Amino acid sequence: MNLGFNFGPNTFSLSTTTTTKFSPSFIFTTPISHPQTNSSGTKTLLRVQNTDNHIHSTPTTTPFMASQQRIPQLNPNFYPDIQPYTTGFLKVSDLHSIYWEQSGNPTGHPVVFLHGGPGGGTSPSNRRFFDPEFYRIILFDQRGAGKSTPHACLEHNTTWDLIDDIEKLREHLEIPEWQVFGGSWGSTLALAYSQSHPDKVTGMVLRGIFLLRKKEIDWFYEGGAAAIFPDAWEPFRDLIPENERGCFIDAYKKRLNSDDIETQYAAARAWTKWEMMTAHLFPNEENVKRGDDDYFSLAFARIENHYFVNKGFFPSDSFLLDGVDKIRHINTTIVQGRYDICCPIMSAWDLHKAWPEADFRVVADAGHSANEPGIAAELIAANEKLKNILKNKGD
């Protein structure tokens, strides 16, 4: 699942609305509290405040009562455009070399950005989530994506290869430990990496949670999301003959790995446009046009399909949820758009229930993309929160 890289204006206007929703077991107001069971088996409460269209979840032991406390206005401004102070390629295997770059403060706190897709690659705008005076910002393109070589290559390209690459990059840059930032597939990889190397992670910011479970893949690629975006779904569907529509993932695998390059390109364009057309709450034409770029689309579609056919190379459907205990101590913020079609909120909710210690933020007026105003504001605020924690530790 892609991260969404194209930023709009630097400043956004965030409106404030209050909604009330009734269900048999919950009353959603501004704010509300509902019970949560902690590790000792006793009931605590979770206060959820809807302020400026963002639901903020933080643990509390206060009885059910309406609190008048307001959460401060989020800063919706991205940091300025900056250029890398160093770039390079790291040979991570006999076949693969990955592109990497560093920007911001060379002596600052390291943060590694894990892009979406898989296969999406990084963009200069990804640097703008981080305070360049505080952070040493590391971006890299995963195997086969972006500037990494060989382009769109599936050989020796698994989740475990990428985790090894992250460690090789960390060691190459002589970084003892770092903060991890990832959205969509980047959240998948961030969870898998941190569970493999919890001692190397100082904090995490996760967005658009994707646990790569069968029900998530089926929702987006086998017709579930078509109920909401039928107009975007039909070109994706119609590329496949009716007798092959029992499994679109397999049908696209056949075409994305065809001996005919034009067949590959046609499948890649259809696959990429389907995702780009559904990634925003409101249509983003600039994002959709990325589907016309055959170079980008081929890596994006082939690598995504490769990972999804292979179920993320995880040993079980619940692998990432089962591993939460390994990372429970890591200070983490989860940011999720309420109307995320690519990575529905059910996955973020499941992660939140398994990991109530993490700060859970639901943006009520957003879809999937990281550059939607409410999501961007929450991501920047999450980085600021971790920055302040690190600063206070240093005092």
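I noted the ground rules next. This is a predicted model, in which local features need pLDDT of at least 70 and side-chain atom pairs count only at pLDDT 80 or more, while totals for chains, interfaces and linings use all residues. Residues are numbered from 1 along each chain as its sequence is written, and side-chain values use heavy atoms, with hydrogens and water left out.

**Entry: confidence.** I looked up pLDDT, the predictor's confidence in each residue, from 0 to 100. The protein averages 86, and 80% of the residues score at least 70. Over residues 3–72 the pLDDT stays under 50. For that stretch the model has 149 contacts beyond four places in sequence, a contact being heavy atoms within 4.5 Å.

**Entry: overall build.** I found eleven helices and 13 strands in the protein. These are DSSP runs numbered from the N terminus, with helices being H or I of at least four residues and strands being E of at least two. Of the 395 residues, 57% count as buried. Buried means under 20% relative accessible area, exposed means over 50%, and partly exposed lies in between (1.4 Å probe, protein chains only). Among contacts with a separation of 6 or more, 71% are between residues 24 or more positions apart.

**Entry: aromatic rings.** I counted 30 aromatic pairs in the structure. Rings of Phe, Tyr and Trp (its six-membered ring) pair if their centres lie within 6.5 Å; planes under 30 degrees apart are stacked, over 60 edge-to-face, and the rest tilted.

How are the rings of Trp233 and Trp274 placed? Their centres are 5.2 Å apart and their planes stand at 75°, so I logged the pair as edge-to-face. Trp233 belongs to helix α4 (residues 230–238) and Trp274 to helix α6 (residues 261–278), so the pair ties together parts that are 41 residues apart in sequence. I checked the cover of each: Trp233 is buried at 7% relative accessibility, and Trp274 is buried at 0%. Both belong to one aromatic cluster, which also takes in Phe210, Phe220, Tyr221, Phe236, Phe248, Tyr252, Trp271 and Phe308.

Thr278 is in helix α6 and is buried, with a relative accessible area of 1%. Leaving out residues up to four places away in sequence, Thr278 touches Phe220, Phe229, Ile341 and Cys342.

**Entry: charges over rings.** I used this test: NZ of Lys or CZ of Arg within 6 Å of the ring centre and within 35 degrees of the ring normal. Lys147 lies over the face of Tyr99, 4.5 Å from the ring centre. The charged end of Arg290 sits over the ring of Phe296, at 4.1 Å from its centre.

**Entry: two helices.** I compared spans with the expected value, which is 1.5 Å times one less than the number of residues. Helix α1 (residues 159–172) has 14 residues and should span 20 Å; its end C-alpha atoms are 20 Å apart, which agrees. Its buried residues include Leu162, Ile163, Ile166 and Leu169. Just after α1, Glu174 takes a positive phi of about 55°.

Helix α2 (residues 185–196) has twelve residues and reaches 17 Å from first C-alpha to last, close to the 16 Å expected. How many residues of α2 are buried? Eleven of its twelve are, so I logged α2 as mostly covered. Among them are Trp185, Leu189, Leu191 and Tyr193.

Entry: I found a cis peptide bond from Gly117 to Pro118, with omega near 0°. Pro118 is in the loop between β8 (109–114) and β9 (135–140). The bond from Thr149 to Pro150 is also cis, with omega near -5°, and Pro150 is in the loop between β9 and α1.

Ser184 is not a glycine, yet has a positive phi of about 60°. Ser184 is in the loop between β10 (178–183) and α2 and is buried at 0% relative accessibility. Leu212 has a positive phi near 55°. Leu212 is in the loop between β11 (201–207) and α3 (214–221) and is buried, with a relative accessible area of 4%.
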